Amino acid sequence: MKNVLLVISGALCAYGWLYGQSQHLPYPTAHKSDQVDDYHGTRVADPYRWLEDDRSAETLDWVKAENRVTSEYLSQIPFRKELRSRLDQLQNYPRYTPPVLRGGYYFFRKNDGLQNQNVVYVQQGLNGAPKLLLDPNKFSKDGTSRLALFAVSKNGRYAAYTISTGGSDWQEGHVLEVASGRVLSDKLQWLKVGELAWAGDGFFYSRYPAPQPGHELSSKNEDQTVYFHRVGTAQSSDKLVYEDKAHTQRFNTVSTTDDEHYAFLDVSERGKGKDGNALYYRDLEVPAKAFTPIVEEISDDKYAVVENVGGKFLIETNAKAPNSRVALYDPKTREWNDVIREKPQPLKNVTYAGGKLLAEYSEDVASRVYVYDVQGKVTGEIPLPAKGVAGEVTGSPESPLVFYEFSALNIPDTIYKYDLRSGANSVYRAPHVAGFDPQRYESKEVFYHSKDGTRIPMFLVYKKGLQLNGKNPTLLYAYGGFDIVTYPTFSALRLALLEQGVVYASANIRGGGEYGDKWHQAGMRFHKQNVFDDFISAAEWLIHNNYTSREKLAIYGASNGGLLVGAVVNQRPELFRAAIAHAGVMDMLRFQKFTIGWNWIADYGSSDDPAQFKNLRAYSPVHNVKAGVKYPAMLVTTADHDDRVIPGHSFKYAAALQAEVASDRPVLIRIDTNSGHGASSTTKQLEQTTDDYSFLLYNLGVKPNFETESAGSVAKTGVKAGIR
């Protein structure tokens, strides 16, 4: 250990501050096997196949050695401790979720600031005193077991919830009695992907067969079934509601209407490349009634039930409407009638409350929320305080009050209350972030053109008074996949970068849902290169417009965004100074073979198909590392409990980088423990962010001054300041 420390210390000293040209880090040796696979007549080497087994002794030894090198490198960064202290200060403020009304009680989650997990509270009416109901911080000693699902029965008597341990996607179900706060003896195992849908004295849930002992994290996740659990009984007596042995990779999930009169079965088969779902319903007031099809065939069309209105179903769908619409389906006549027709802007969320429909649209990635009656007539618009994002909207059919969360890049998450009767809109709960003055920062949206001429939006936030001299350290982020929108939301932790003069850029590239299904499809399967071109063009725009330079530009992405970073760095290594790829899908030829990876075939395609194999191999990060080429400073991150994107993806990519690239900059991998696809606790999040930001600032040549920034006074934010 001492010799390793001396080598790294010497390298960092030679690095100077910073930009030295000699990085002799003692990377562990990862041997190359002679593994070669035949894909449709093309032989492809896979020398690091052994790293896919993250439980083998050889892999564990490699992981320990890699973590040792990374830890020693990061520990030598002179401002790392001060950065962690500043991040703690910034994160240490109360945060809330919008309240949910059930049975006369309001339920919400709160984090005092640095609690590892959000705590569930309940209060009777809006003026009642909040009472602690469930504290997930007590689930485990290290705080890494989190509350996943939480659903309250219509009468407010019981709450069903699930626990995820150590970052795993597997969940364990429990039931508590709301009035007493007593956790009952109910215990449900092997839940994953689904809901807890109440109906009377029990609830529907989806589960998988119990995996073989020792293989919990590598289970293939096939044969999902739906059961009904009655409160107070053992899981062994739960009633099987639905199974489909002929289609082992289908997702089968059930939801219920607010009045618990109807249940809906959603069936999807993304492993077959289908992006949509089938939909069935069941009248729960008719004993032993089977599920009846609404849409029987699975295609690329999506259907989601909003609510039951007088025995007819409000359904949001993109069928014959790429930007989505809301229709009323009559189960007696099987007729569809549009209630909210498709608009030029994509419809992102619909909530039924107080006899009204609240429809959130995305207008150049900023929210607009309109109020409709059930006949589809616009009766109002919720006045949002700025160009930003209306997050979770909660409401009840019985109440005219709705709540929503609003934020922007320079506005912390604020909970608003809106009265559907009067149109009154007011702050319900506002955050107070220590030392943050929103007037010091500027946020704006710009547009640039990608390689093929497509117009792409991008949001920027930075300190006011920024000089466009090409010398500003800049962090560029994007996701670009799975119809997910990258909204311009607030991050208290990001302030630690902005305070030091870093420009933060968030590019809304294709593959996401920013402009509806067409935008999504333009970044799927054979169009995936568009995603990479959009990201590269964002970087080039920032440089061309003098926000930054190649020596001052870093990129970051996670999950599908980790794939984005890996592919782009391979294609344009000279364009960036530093890059962080978190939990990326790095082996595009084998992703479908692990855990729930087959679910991504709908977006990516599969190497089992000859044409799709050729497309995937062209950008697969593991297979396109450029030997002998100078890469940016690289930090690849993953976690030991990531059973969504297995750590082997990151292991193989990091091993290939360290063996092949001719870089005088660090190429490191950070493997977290007791964490999963995302940080499993606030502590884990702070640890990871400290390492990420230390690595970025150090390699971008930034000399932080945290004393000046942390000395500011506590500022009220999100109410009046900074929202104009």
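Strand 39 (residues 578-582) and strand 40 run parallel and are joined by five bridges. Here strands (E, at least two residues) and helices (H or I, at least four residues) are DSSP runs, numbered from the N terminus. Two strands count as paired if DSSP finds at least two bridges between them. The model is a predicted one: local features need pLDDT of at least 70, side-chain atom pairs count only at pLDDT 80 or more, and totals for chains, interfaces and linings use all residues. Residues are numbered from 1 along each chain as its sequence is written, and side-chain values use heavy atoms, with hydrogens and water left out.

In strand 41, Ile671 lies opposite Thr638. How many residues of strand 40 (residues 633-639) are buried? Seven of the seven are, so the strand is largely enclosed by the rest of the structure. Buried means under 20% relative accessible area, exposed means over 50%, and partly exposed lies in between (1.4 Å probe, protein chains only). Both faces of strand 40 are covered. On one side sit Ala633, Leu635, Thr637 and Ala639; on the other sit Met634, Val636 and Thr638.

The chain as a whole comes next. It holds twelve helices and 42 strands. It has 724 residues, for which a compact globule would have a radius of gyration near 27 Å; the chain has 26 Å, which agrees. This radius is taken over C-alpha atoms, and the globule rule is 2.2 Å times the number of residues to the power 0.38. The C-alpha trace spans about 75 × 60 × 50 Å along its principal axes. Of the 724 residues, 60% are buried. The accessible surface of the chain is about 28100 Å², and carbon and sulfur atoms supply 48% of it. Such areas come from the Shrake-Rupley method with a 1.4 Å probe; for residues, only the protein chains shown count as cover. Among contacts in the chain with a separation of 6 or more, 59% join residues 24 or more positions apart. A contact means heavy atoms within 4.5 Å.

Strand 26 (residues 356-363) has a partner in strand 25 and another in strand 27. Six of its eight residues are buried, so strand 26 is largely enclosed by the rest of the structure. Strand 25 (residues 347-353) pairs with strand 26 in the antiparallel sense, over six bridges. Ala353 has Lys356 as its bridge partner. The hairpin of these two strands has two residues between the strands, and Gly354 takes a positive phi near 55°. Strand 26 is then joined to strand 27 (residues 366-372) by seven bridges, and the two run antiparallel. Tyr361 is bridged to Arg368 in strand 27. This second pair is also a hairpin with two residues between its strands. In its turn, Asp364 has a positive phi of about 55°.

Four bridges link strand 29 to strand 30 (residues 401-408). Ala390 has Phe406 in strand 30 as its bridge partner.

Helix 2 (residues 57-75) and helix 10 (residues 648-660) pack at an angle of about 60°, and their axes are 12 Å apart. Axes are lines fitted to C-alpha atoms, for helices over the stretch in contact, and angles run from 0 to 180 degrees between N-to-C directions. The crossing is left-handed. That term applies if the near helix is turned anticlockwise from the far one by less than a right angle; clockwise is right-handed. Thr59, Trp62, Val63 and Glu66 of helix 2 meet Phe651, Ala655 and Gln658 of helix 10.
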